[in-house]
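Biologist: Could you take me on a close look at the place where the two chains meet, from the side of the second chain? I would also like to hear about the aromatic rings of that chain.

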Protein chains: 2
Amino acid sequence: MPWEKQFDKAEVLDRALQTFWTRGYEATSMQDLVDCTGVNRASLYATYGDKRAFFLEALRAYDDGRRKMLAEFEKRYQPCEAIRKVFLCFLADVPNQTGGRGCFMTNTALELSAHDAEIRSIVARAQEEVEAFFAAMIKKGKADGSISAHVKPSDGARGLLASLLGFLVLVRSRPNPTLLDGIVDDAIRRLK
Amino acid sequence: MPWEKQFDKAEVLDRALQTFWTRGYEATSMQDLVDCTGVNRASLYATYGDKRAFFLEALRAYDDGRRKMLAEFEKRYQPCEAIRKVFLCFLADVPNQTGGRGCFMTNTALELSAHDAEIRSIVARAQEEVEAFFAAMIKKGKADGSISAHVKPSDGARGLLASLLGFLVLVRSRPNPTLLDGIVDDAIRRLK
DNA sequence: ATTTGTCTTGAATGATCGTTCCAGACTCGC
DNA sequence: GCGAGTCTGGAACGATCATTCAAGACAAAT
């Protein structure tokens, strides 16, 4: 067999993901991807397919990362802390005055899922899994007494999801730390 | 003076607005705008300037409509009803199986405000005005007893804004009536 | 009726879009 | 050393992008 690839497929995918995340799908050109990955055009096409397939692979990679992150939060933290971490992990790049990039999945939800069924189903599933994570944390919190017995897991999770998505809109469009912290505190206080 | 315009400037602007709203900025081409308005390319350029200026004018027109709508809600409805109406007015086009278009301002917030300072400031101001509207309604509701005395207007308004923005993400990406209604009910129940 | 000045029209601009082709570089099994 | 087979690099493809040009159409003023 002849000649292995000259680049790390996963690493290049991640660099493309960063660019798609920052600029969005339509505003990212193949030239941008060539530039940010350092890999030749034809090699990108040979490896990942066309632009949409490339984007989809990046989106699924992002989604896998999100899934692993939630699993780790679930292991590592108490229920309320785990919920809080979900919000806070999007604040990491906010201080860089330019504002945060928000959540790649949520950005994609607004840009593409209205016109692309495949993306819509990926987005919907991701949202459902986050909602299920919240519900599981609420259940656990009720069991150990850290969350009020009056909160119904499904209702609480739905409310948290809405607050999280709104929070993510604000992270990208109006990254004011006071505002964002307030939203997180409010969302969690509702559970107590 | 010679020859007035052959088309209604506001009406054509509204048609362009509908297209920008549905597809977003990057995914809308000047050809799309020519098609949906029925007005010749060069006439569009002569009247509105380039694509970005055209978009900005559409966005400001949308924002004006939003402002008038809030003012009318404030006049017409009791505080809680007025708040509920803000959510419900985005559900009008959800039943058309294709899913709703969400809020033009919020869609734009995610697509463009991270990279365009002028848009960012328009978006931020619109969000602040909505937040202020919520705060005013809460204050009024506390005065007439329909909203709990424990709710601080600024905190309640911030929470409502987050829920509204999350709601709007879902309207466009996962337009499930049960889910959406639940979010609205929860958001308002929090005030009581 | 002719001039004046704006609006409309359809074609054309160069740039950039996503995508593909092809010749050369390279590693393996023989 | 020698094909076999995959990957790379750069140029090229037609399509579409936003934008502009030049000429004709029209209404008011003279």
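Modeller: Happy to! Let me begin with one term: a salt bridge here is a side-chain nitrogen of Lys or Arg within 4 Å of a carboxyl oxygen of Asp or Glu. Please keep in mind that this is a predicted model. B:Arg174 and A:Glu131 make such a pair, with 3.3 Å between their closest N and O atoms. The rule finds six salt bridges across the interface of chain B and chain A, and it also finds twelve residue pairs in polar contact there, both residues being at pLDDT 80 or more.

Which elements of chain B supply this side? Those that give two or more residues to it are helix H1 (9-23), helix H6 (104-112), helix H7 (117-144), helix H8 (153-173) and helix H9 (177-189) of chain B. H8(B) gives the most, with 13 residues. Sorted by class, the side of chain B that touches chain A has 14 nonpolar, twelve polar and twelve charged residues.

Now for the extent of the interface. On chain B, 38 residues are in contact with 39 residues of chain A. Between them the two chains bury about 3,200 Å², and 60% of that is on carbon and sulfur atoms. In chain B, the residues that lose the most area to chain A are B:Leu110, B:Arg158 and B:Arg174, together 22% of what that side buries.

Over all chains, the structure holds 26 aromatic pairs. Take B:Phe20 and B:Tyr25: their ring centres are 6.2 Å apart and their planes lie at 15°, so this pair counts as stacked. B:Phe20 and B:Tyr25 are both buried. B:Tyr25 also pairs with B:Phe55, this time edge-to-face, with 5.0 Å from centre to centre and 75° between the planes. What does this second pair tie together? B:Tyr25 lies in the loop between H1 and helix H2 (30-37) of chain B, while B:Phe55 belongs to helix H4 (residues 51-76) of chain B, so the pair joins parts that are 30 residues apart in sequence. Like B:Tyr25, B:Phe55 is buried.

If you then turn to chain A, you can look for a cluster linked by ring pairs: A:Phe20, A:Trp21, A:Tyr25, A:Tyr48, A:Phe54, A:Phe55, A:Tyr62 and A:Phe104.

Note on methods: Residues numbered from 1 in each chain as written. Chains lettered and ligands numbered in written order. Predicted model: local features only at pLDDT ≥ 70, side-chain atom pairs only at ≥ 80, totals over all residues. Heavy atoms only, no water. Contact = heavy atoms within 4.5 Å. Buried area = accessible area lost by both parts, 1.4 Å probe. Polar contact = N/O pair within 3.5 Å; in protein donor to acceptor, adjacent residues only side chain to side chain. Helix = DSSP H or I, 4+ residues; strand = E, 2+ residues; numbered from the N terminus. Nonpolar A, V, L, I, M, F, W, Y, C, P; charged D, E, K, R; others polar. Phe/Tyr/Trp six-rings, centres within 6.5 Å; stacked < 30°, edge-to-face > 60°. Buried < 20%, exposed > 50% of the residue type's maximum accessible area, 1.4 Å probe, protein only.
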